[in-house]
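User: Could you take a close look at the salt bridges here and walk me through where the partners sit and how accessible they are? I'd like one connected account, please.

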Amino acid sequence: GAALMSAAFLFAAAPCRAASAMPPQDRGVTDPPQQVAGAAALSSAQALEGKGKWKKAEAAYKKALEAGPEAKEPYEALVKFYETRKRLDGGVAFFTAMLEAHPDRVIGHYALGMLYRMKKEPDKSREHFFEVIKVRDPEFYKRIMEAESGAEPSAIEQEKAPEKAEENSP
C-alpha cells in the first residue's frame with residue numbers, strides 16, 4: 001500500500017527519461033510566465049479556500065493545474081481540497097475526465113490513486129499507481145507484474161541464475 005503509493009509518486013513527479021529528447025512544448029514544460037500564472041492561481045485558490053469560497057477555490061485550483069500541468073503541487077492541493085470538502089467522487093470525476101482529455105499527464109493517475117485510496121477502494125487505487133509506474137519505468141513495472149503473476153523471471157533474471165548456481169555448487 002504505502003510503498004506502492006510512494007513509488008508511484010516518485011515516478012509521477014520525476015520527468016520521463018525519454019522526454020528529454022522531445023521539444024519543450026511536447027514535454028509539458030511551461031515557460032516562466034505560465035509558471036508564474038500557475039503559482040499565482042494556486043496561491044489564489046488557497047486563499048479562497050481559506051475564506052470558505054469553495055466554488056471559486058476549486059476553479060482556481062483547476063486554473064493552476066492547467067497553467068502548470070507538470071507541477072505536482074496543484075494536483076496535490078486539488079486532491080486535498082476534494083478530501084477536505086468530502087467530495088472524493090467529484091475529484092475522481094474531474095481527474096478521470098482530465099486523463100481522458102490529456103492521457104499524457106501521468107500525475108493524474110497519481111491523483112486518482114490517492115482519491116481511490118481515500119475512498120477505501122484499494123484495487124482501483126493500485127491500478128492508477130501502477131499506471132504511473134508503467135509509464136515512468138516500464139522495466140520496473142514488468143518485474144512487478146512478473147512477481148505478482150508468479151511468471152518465470154525475465155531474461156535478465158534468467159541470465160543471472162546460472163551465476164548463482166555456480167556460486168552454490170560444491
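**Salt bridges in close-up**

Analyst: Happy to. Lys134 pairs with Glu131 in a salt bridge, their closest N and O atoms lying 3.0 Å apart; the term stands for a side-chain nitrogen of Lys or Arg within 4 Å of a carboxyl oxygen of Asp or Glu. Both residues belong to helix α8 (residues 122-136), 3 residues apart, or about one turn of the helix. Helices here are DSSP runs (H or I, at least four residues), numbered from the N terminus. Lys134 is partly exposed at 32% relative accessible area, and Glu131 is partly exposed at 24%. On this scale, buried means under 20%, exposed over 50%, and partly exposed in between (1.4 Å probe, protein chains only).

A word on the basis: this is a predicted model, in which local features need pLDDT of at least 70, side-chain atom pairs count only at pLDDT 80 or more, and totals for chains, interfaces and linings use all residues. Residues are numbered from 1 along each chain as its sequence is written, and side-chain values use heavy atoms, leaving out hydrogens and water.

Now to Glu58, which is buried at 12% relative accessibility. Its side chain meets that of Lys62 in a salt bridge (3.4 Å, N to O). Lys62, partly exposed at 26%, sits 4 residues from Glu58 in helix α4 (residues 54-67), so about one helical turn separates them. Glu58 also forms a salt bridge with Arg87 (3.0 Å, N to O). That pair links distant parts of the chain, 29 residues apart, with Arg87 in the loop between α5 (72-84) and α6 (88-101). Arg87 is partly exposed at 34%.

Elsewhere, salt bridges join Asp89, Lys119, Glu121 and Lys124 into a network. The whole structure holds 7 salt bridges.

Methods:
Helix = DSSP H or I, 4+ residues; strand = E, 2+ residues; numbered from the N terminus.
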